[in-house]
Amino acid sequence: MTCKVLVEDALRRFLDEDVGHGDITTDALVDPAAKAAGTVICKDRAIIAGLSESIILLKLLGCEGKLKVQEGHEVPAGTIILEVSGFGGALLKVERVLLNLLSHMSGVATATAELVNIARKSESSARIACTRKTLPGLRYFEKRAVELGGGDTHRLRLDDAVLIKDNHLELAGSITESVRKTKAKVSFTKKIEIEATSPDQAVEAALAGADIVLLDNMTPQEVKKTVNFLETQKLRNRILVEVSGGITRENLSSYVKTGADVISVGSITNSARAIDMSLELHSVKK
């Protein structure tokens, strides 16, 4: 299935969940033949995301949309971001799903951009990435919003790359043995990442041939110590260093200064504040 088909299927599910067996309020009050038009207004300063998906969503109910801004761009509060038109009943039925989608995706993009800007101010080349801590059914939409906010999407699915974490090691053996087993079974095209909880484990991961080491739930001081240890062992250039766990907007600068290559933050997807949006409709005379 193509990406567009998958997105359409997801959007249909969102509509079905909201509309159920019908919009009884709209069906009782609005003439099915009545036409309407309107605008979606972004009421907060935000990085806009979700417009492409909104056009698809509108088309599912026979409506049309016209973009007024470009996705991934910041807009001030009060900006009209989308014009809509179609049968009034259809626009009322799609209203909440449309606004929920735009509000959440723009919230994710805005949260991501804030962290990316903090990293850039520190003149760091570290990438801000999300994780698989996404809300059920929304991974594609949240990951795309991260990308529009200037972040890295990391793995979309479990088959994108090998990520050997503490529970894998508990069941499969040492870091060295786990990398050996993985290389024997997994395509050479897939990167191998190992979770490490100490400088010694990070060195073992590099010596075993891992591509990335994940330093999970370490303080900035512990991360810096591990990076320095890799450098003294002349292994730093052989492996990417990713950090995750407990990273917030407030402490991000400290992690940026450690020399890590990737900083992953789960909150930009599962806890991003929704952006305030509204849809204002008016009748269109025949």
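Mentor: Two strands are said to pair if DSSP finds at least two bridges between them. Please keep in mind that this is a predicted model.

Trainee: Which residue in β9 is the bridge partner of Glu195?

Mentor: Strand β8 covers residues 192-196 and strand β9 covers residues 212-216. These strands pair in the parallel sense over 4 bridges. In β9, the residue that bridges to Glu195 is Leu214.

Trainee: Which are the edge strands of the open sheet?

Mentor: The open sheet has 6 strands with parallel pairing, in the order β6-β11-β10-β9-β8-β7. An edge strand of this sheet pairs on one side only. The edge strands are therefore β6 (127-129) and β7 (162-164).

Trainee: Which helix packs on the sheet, touching β8 and β9?

Mentor: Its direction makes about 165° with that of β8. The helix covers residues 199-208 and is named α8.

Trainee: Are α3 and α4 roughly parallel or roughly antiparallel to each other?

Mentor: The axes of α3 (residues 51-60) and α4 (residues 88-121) come within 10 Å and cross at roughly 165°. Angles over 145 degrees count as roughly antiparallel. The two helices, α3 and α4, are therefore roughly antiparallel.

Trainee: How many nonpolar residues has the contact of α3 with α4?

Mentor: Residues of α3, including Leu51, Leu57 and Leu58, meet residues of α4, among them Leu91, Val94 and Met105. By class, this contact of α3 with α4 has 1 polar and 1 charged residue, and the number of nonpolar residues is 10.

Definitions and conventions: Residues numbered from 1 in each chain as written. Predicted model: local features only at pLDDT ≥ 70, side-chain atom pairs only at ≥ 80, totals over all residues. Heavy atoms only, no water. Axes fitted to C-alpha atoms, helices over the stretch in contact; angles between N-to-C directions. Parallel < 35°, antiparallel > 145°, perpendicular 65-115°, else oblique. Contact = heavy atoms within 4.5 Å. Nonpolar A, V, L, I, M, F, W, Y, C, P; charged D, E, K, R; others polar.
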